[in-house]
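User: Please take a close look at the aromatic rings in this model. Which charges and which other rings do they meet?

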Amino acid sequence: MSENKSVEQAEPLSINEHLKTDSNFLRGTIQEGLDTAVTGSFSEGDQQLIKFHGFYQQDDRDLRNERKEQKLEPLYSFMLRARVAGGVCTPEQWLGVDEIASTLTSSNSIRLTTRQTFQYHGISKRNLRTLIQSLDSKALDSIAACGDVNRNVMCNPNPVESRLHEQAYYWAKKLSDNYLPRTKAYAEIWLGDDKVATSEGDDVEPVYGKTYLPRKFKMAVAVPPDNDVDVYTNDLGFIAIAEEGELIGFNLVAGGGMGSTHGEVQTFPRLADDFGYIKAEDTLKFAEAILKVQRDWGNRSNRKLSRLKYTIVKYGYEVFKAEVEKRAGVKFAPKRDVVIGDRGDRYGWIKGVDNQWHLTLFIEGGRIKDLPGQPLQTGLREIAKIHKGDFRMTSNQNLIIARVAAEDKAEIEALARSHGLMGKLISETRGRSIACVALPTCALAMAEAERYFPDFLTKVESLQEKHGFLDQGIVIRMTGCPNGCARPFAAEIGLVGKAPGRYNLYLGASFEGTRLNKLYRENIQEAEILSELDSLFARYVAEREEGETFGNFTVRIGVVAAVIDAAKDFHGQTSNA
């Protein structure tokens with residue numbers, strides 16, 4: 001099959017494919033929608049196109065019924081996500097990010113995401129252009145943070161091996177920059193650039209084409225033994241291989257993705273396959289080859305089946321691999337042996353090999369906001385005013401104050417402690433756990449996540465303390481729906497919203513993130529969830545083997561069956577018992 005020629009679609013194209021085709025390279029009627037003051041929303045078609053510009057339309061679901069009774073339209077607002085490759089930004093950029101949150105959003109907060117960037121909630125339509133221009137003034141943007149394109153590229157923030165982090169970050173930034181959409185629509189609509197494209201023929205998308213990818217695409221760069229970026233959950237992952245502290249290449253993995261749909265067994269989460277070792281200098285060749293295969297072979301009829309994972313399952317590992325090698329013009333070498341370890345962050349001060357210090361701060365739910373007794377946002381603002389290094393967002397929704405000179409440690413720590421950013425004891429479990437935003441703003445949420453998760457974790461911690469293993473971390477994740485933004489299907493304990501107050505309980509993922517979990521109990525409430533965990537914790541303490549993690553234990557004793565092949569196993573027999 002030749003490059004740039006799509007696999008024939010057996011079914012009609014999805015509506016999104018027509019929207020992209022007719023959008024004049026992502027322009028649509030977004031400009032006209034911005035100029036319409038009669039409503040706070042965009043047209044239905046433009047609601048899909050604005051995602052490519054980095055934001056989603058939402059409304060406050062807590063107020064939806066009340067406003068309907070008052071014959072008012074929903075309280076529309078927008079969530080905008082920035083593109084910050086590897087999660088690294090300067091103190092000057094952080095101050096800009098903070099000012100925007102304080103002046104242009106109703107939430108007055110910054111939220112760190114599970115993909116090492118930040119997002120704003122509660123943006124009115126009239127403030128969108130001002131906000132994006134404010135980001136641009138700080139050399140930040142939101143293009144390709146959402147939509148059917150390569151999204152924010154993650155990178156291990158590694159505060160210890162600074163030279164290796166620098167090299168890994170170089171490739172994360174390169175992958176981000178190389179696969180940005182080339183359309184001028186973003187600059188025209190939001191930054192006021194002259195409209196240089198007057199017809200479809202004036203824009204060129206050398207990688208994406210006029211209809212872009214069939215669905216979103218996610219990349220990550222991991223530096224073993226850390227797996228904080230959850231590399232196997234990405235469409236495309238690069239596991240760094242180093243010799244004598246220098247990055248020489250990557251083990252390439254492809255075909256991961258968390259999203260699924262309740263009750264539709266043809267959808268499933270999946271971890272990426274290992275494809276082999278590539279030299280560093282061939283990184284872009286392989287990345288572009290995989291993007292183009294997905295562009296041409298991916299499902300454009302059913303968006304629920306359009307991620308790269310389904311493409312690999314449909315055509316088969318060997319056929320897909322051969323096509324990638326053909327397009328890259330290079331073959332994979334056998335993968336190198338690596339150890340994949342902890343997915344957590346290193347809290348507190350860590351000294352790097354360059355004699356600089358790095359302070360990792362725990363941010364509950366990634367939400368940076370001034371709270372009573374914990375003025376977190378103010379604290380980070382004050383730190384940014386004096387910090388000479390950089391800030392690094394982590395994929396666990398935390399923040400690293402990186403590259404601190406020894407003589408500056410005391411001042412930064414004093415600010416962190418006085419503003420509630422340090423000093424609170426965090427359990428090993430809480431420190432490894434993440435949740436999505438969910439209600440009230442996410443349109444897809446079926447249940448609470450961010451607002452409820454801290455209290456739920458407190459109850460889990462009480463159970464761990466009751467059974468005498470609070471000092472051991474368990475990876476727990478909660479989402480309001482099965483789209484999987486907080487990667488719940490790769491958690492030892494995964495909770496996925498099914499209805500208000502009800503969740504599906506998943507067990508059995510590996511601690512390191514190399515095996516998926518599996519459904520254990522469906523559509524249950526908090527009391528039953530805690531009762532199940534209480535019983536399992538008791539068995540775990542009594543029956544575990546030396547060094548055995550909770551996820552591995554639940555698989556070994558047959559509570560859930562191991563997921564080996566997600567396409568066959570994820571929805572299959574629940575347990576081995």
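Analyst: **Aromatic rings and their partners**

R544 holds its charged end over the ring of Y540, 5.0 Å from the ring centre. A charge sits over a ring if NZ of Lys or CZ of Arg is within 6 Å of the ring centre and within 35 degrees of the ring normal. K125 is placed over the face of F42, and here the distance to the ring centre is 5.5 Å.

The model is predicted, so local features need pLDDT of at least 70 and side-chain atom pairs pLDDT 80 or more, while totals for chains, interfaces and linings use all residues. Numbering starts from 1 along each chain as its sequence is written, and side-chain values use heavy atoms, without hydrogens or water.

Next, ring against ring. The whole structure contains 28 aromatic pairs (Phe, Tyr or Trp rings, the six-membered one for Trp, with centres within 6.5 Å; planes under 30 degrees apart are stacked, over 60 edge-to-face, the rest tilted). F118 and Y120 are edge-to-face, because their planes meet at 65° with the ring centres 5.4 Å apart.

Are these two residues buried or exposed? F118 is buried, at 1% relative accessible area (buried is under 20%, exposed over 50%, partly exposed in between, with a 1.4 Å probe and protein chains only). Y120 is buried too, at 0% relative accessibility.

Which residues form an aromatic cluster? F275, F286, Y317, F320 and F332 do, as one cluster.
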